[in-house]
Amino acid sequence: MNLWRKTIFVAAVLSVLSSVIYAAAYTTTLTFFNIATVESFTVTLPGESAVPATGGGAATHDIEFNASSGTVTCVNPQVTGGGTIQSDGTPIFKIDNTGTVNLNISAKFTVSPPSCVKVGGATTYAGACAGSIIDTSYVTVQNALTPAGSVNWYEQANFTSCTSSDTISKTQWIYGVTS
């Protein structure tokens, strides 16, 4: 091969190599996929529509415990105005995590019920009568309720020597906070 052909051949090889090197050049970018932290849940009473929780405390329909006498145990709550009564498989509160983070759900009264009334709560119907006593301190309904998860909350009241003067209403909170 003569010098001229060798020069053209080397130039051609270098040209091909530089294009291969050029084709192999790249950059990298670290890409994040961020999901907003949203604390959000709904509470549904039996026979009623879901109510989204708000920072100011959205109100659901009212519930009541109707005792047939001053001393009676395991009284199921009912949606006021002749609404649905809680029963096995029909909790008084169905709580759905509609946010993007796990939530710790709890319940409490803002002011104590009458001293002759004890309200118990549990995630099973059978456990509600003897469940955690709900008063003015938060009672755990469920920790780490996952997004799109739900929990049923049953309550029952025990009345001991109550009189008609003990008839009163109290506000109850269902509270959710990031776990």
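Predicted model: local features only at pLDDT ≥ 70, side-chain atom pairs only at ≥ 80, totals over all residues.
Strand β1 (residues 41–44) and β6 run antiparallel and are joined by four bridges.

**Around β6**

Strand β6 spans residues 93–97. Thr42 has its bridge partner, Asp96, in β6. Strand β6 also runs antiparallel to β11, again with four bridges. There, Asp96 stands opposite Ser150 of β11.

Is β6 mostly covered or mostly open? Strand β6 is mostly covered, with four of its five residues buried.

**The nonpolar core**

The largest nonpolar core holds 28 residues. Which residues have the most contacts inside it? They are Phe93, Ile95, Ile105, Trp153, Phe159 and Ile174. Several elements give two or more residues to this core: β1, β4 (72–75), β6, β7, β8 (117–122), β10 and β11.

Ile105 shows how such a residue reaches across the chain. Leave aside its neighbours within four places in sequence. Ile105 is then in contact with Phe41, Ile95, Val139, Thr140, Val141, Gln142, Leu145, Ile174, Tyr175 and Gly176. Two of the names on that list, Ile95 and Ile174, are also among the residues with the most contacts inside the core.

**A three-strand sheet**

Three strands form an open sheet in the order β10-β7-β12, and their pairing is antiparallel. Strands β10 (139–145) and β12 (172–178) stand at the edges. Each has a single partner strand, so one side of each is left without a neighbour in the sheet. On average, neighbouring strands of this sheet are turned by 20° against each other, with direction ignored.

Strand β7 (residues 103–109) pairs with β10 in the antiparallel sense over four bridges. Ser106 stands opposite Thr140 in β10. Thr140 is also one of the contacts of Ile105.

Most residues other than glycine have a negative phi. Two residues here go the other way. Ala148 has a positive phi although it is not a glycine, and Ser161 has one too. Where do they lie? The table sets them out.

| Residue | Phi | Loop | Relative accessible area |
|---|---|---|---|
| Ala148 | about 70° | between β10 and β11 (150–159) | 73% |
| Ser161 | about 55° | between β11 and β12 | 58% |

Are these residues buried or exposed? Exposed means over 50% relative accessible area. Ala148 is therefore exposed, at 73%. Ser161 also counts as exposed, at 58%.

**The whole chain**

How many helices and strands does the chain have? The secondary structure comes to two helices and 12 strands. Along the sequence, the pattern reads α-β-β-β-β-β-β-β-β-α-β-β-β-β.

The chain has 179 residues, and buried residues make up 32% of them. Look next at contacts between residues at least 6 apart in sequence. Of these, 74% join residues at least 24 apart. The chain exposes about 10,900 Å², and carbon and sulfur atoms supply 57% of that area.

Conventions:
Residues numbered from 1 in each chain as written. Heavy atoms only, no water. Pairing = 2+ DSSP bridges. Axes fitted to C-alpha atoms, helices over the stretch in contact; angles between N-to-C directions. Buried < 20%, exposed > 50% of the residue type's maximum accessible area, 1.4 Å probe, protein only. Core = buried A, V, L, I, M, F, W, Y, C linked by side-chain atoms within 4.5 Å. Contact = heavy atoms within 4.5 Å. Areas by Shrake-Rupley, 256 points an atom, 1.4 Å probe, with all protein chains shown as cover.
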